[in-house]
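Here is a short report on pockets and salt bridges. Have the structure open while reading.

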Amino acid sequence: MQEEKRLPLPPFDFESATQKVKMAENGWNLKNPQKISMAYSVNSKWRNRNVFLDGRTEIVSFLENKYAKELDYKLCKELWAYTDNKIAVRFAYEWHDKDGQWYRSYGNENWEFDENGLMKVRFASINDLKINYDERKLLWEEDIRPEDYSSLSQMGL
């Protein structure tokens, strides 16, 4: 079975790496685990905090649980560095739990892509900070962050 290509393909330049990061941000903000999983290779390997995942089926299950716990999730990603088939990003996302406690989660991700542009490796390191409702910075109304909304750097994150 041949996997679908996911543009842009490696090798990356600044423009294509930035596009890949924005596509990932948009996908995660739509909160559709099945659709998100299609950006990853069938046998993609993940480390997310202390959780290790193998393949799309585990990715879908992980994301379903994530979005059930992390309510009103909003994510902002920013390109940090890139090479031919690797991209490093930093990110922040905000969410609240079922009791109404808000959090800002900060982190870094290291991505490696196959020749079809699918992510085959994702390592994520994430820290959570409790915040008050009025400390939130990711306040856009739509699912996807508007193009004119501040970046992480512009927000001081």
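## Pockets and salt bridges

The largest pocket has a volume of about 300 Å³. Of its 17 lining residues, Arg 6, Met 23, Ala 24, Gly 27 and Ala 39 are the closest to its centre. Bear in mind that this is a predicted model.

Three elements each give at least two residues to the lining of the largest pocket: helix H1 (14–30), helix H2 (33–37) and strand E5 (102–113). H1 supplies the largest share, 7 residues. By class, the lining has 10 nonpolar, 4 polar and 3 charged residues.

The second largest pocket holds about 160 Å³ of space. Its lining includes Asn 48, Arg 49, Phe 62, Lys 66, Tyr 93, Trp 95 and Asp 128. Helix H3 (55–69) and strand E4 (86–96) are the elements that give two or more residues to this lining. The largest share, 4 residues, comes from H3. Here the residues divide into 4 nonpolar, 3 polar and 5 charged.

Back to helix H1, where Ser 16 lies. Ser 16 counts as buried because its relative accessibility is 11%, under the 20% cut-off. Beyond its neighbours within four places in sequence, Ser 16 is in contact with Pro 8 and Pro 11.

Now the charged pairs. How many salt bridges does a search of the whole structure find? The search finds 12. Three of them are tabulated here.

| Glu 25 | Arg 145 | 2.9 Å |

Take the salt bridge between Glu 25 and Arg 145. It links distant parts of the chain, 120 residues apart: Glu 25 is in helix H1, and Arg 145 is in the loop between strand E6 (119–131) and helix H4 (152–155). Both residues, Glu 25 and Arg 145, are buried.

Glu 109 sits in strand E5 and Lys 77 in strand E3 (residues 71–82), 32 residues apart. Glu 109 is buried, with a relative accessible area of 2%. Lys 77 counts as buried too, at 6% relative accessibility.

Glu 78 lies in strand E3 and Arg 90 in strand E4, so the pair ties together parts that are 12 residues apart in sequence. Glu 78 counts as buried at 16% relative accessibility, and Arg 90 at 15%.

Salt bridges with shared partners also join Lys 22, Glu 25 and Arg 145 into one network.

Note on methods. Residues are numbered from 1 along each chain as its sequence is written. This is a predicted model: local features need pLDDT of at least 70, side-chain atom pairs count only at pLDDT 80 or more; totals for chains, interfaces and linings use all residues. Side-chain values use heavy atoms; hydrogens and water are left out. On a 1 Å grid over the protein atoms alone, a cavity is a set of points where a 1.4 Å probe fits but cannot get out, and a pocket is an open set with protein on both sides within 12 Å along at least five of seven lines; lining residues have an atom within 4 Å of a point. Grid points are joined across faces, edges and corners, and a volume is the space filled by probe spheres set on the points. Ala, Val, Leu, Ile, Met, Phe, Trp, Tyr, Cys and Pro count as nonpolar, Asp, Glu, Lys and Arg as charged, and the others, Gly among them, as polar. Buried means under 20% relative accessible area, exposed over 50%, partly exposed in between (1.4 Å probe, protein chains only). Contact means heavy atoms within 4.5 Å. A salt bridge is a side-chain nitrogen of Lys or Arg within 4 Å of a carboxyl oxygen of Asp or Glu.
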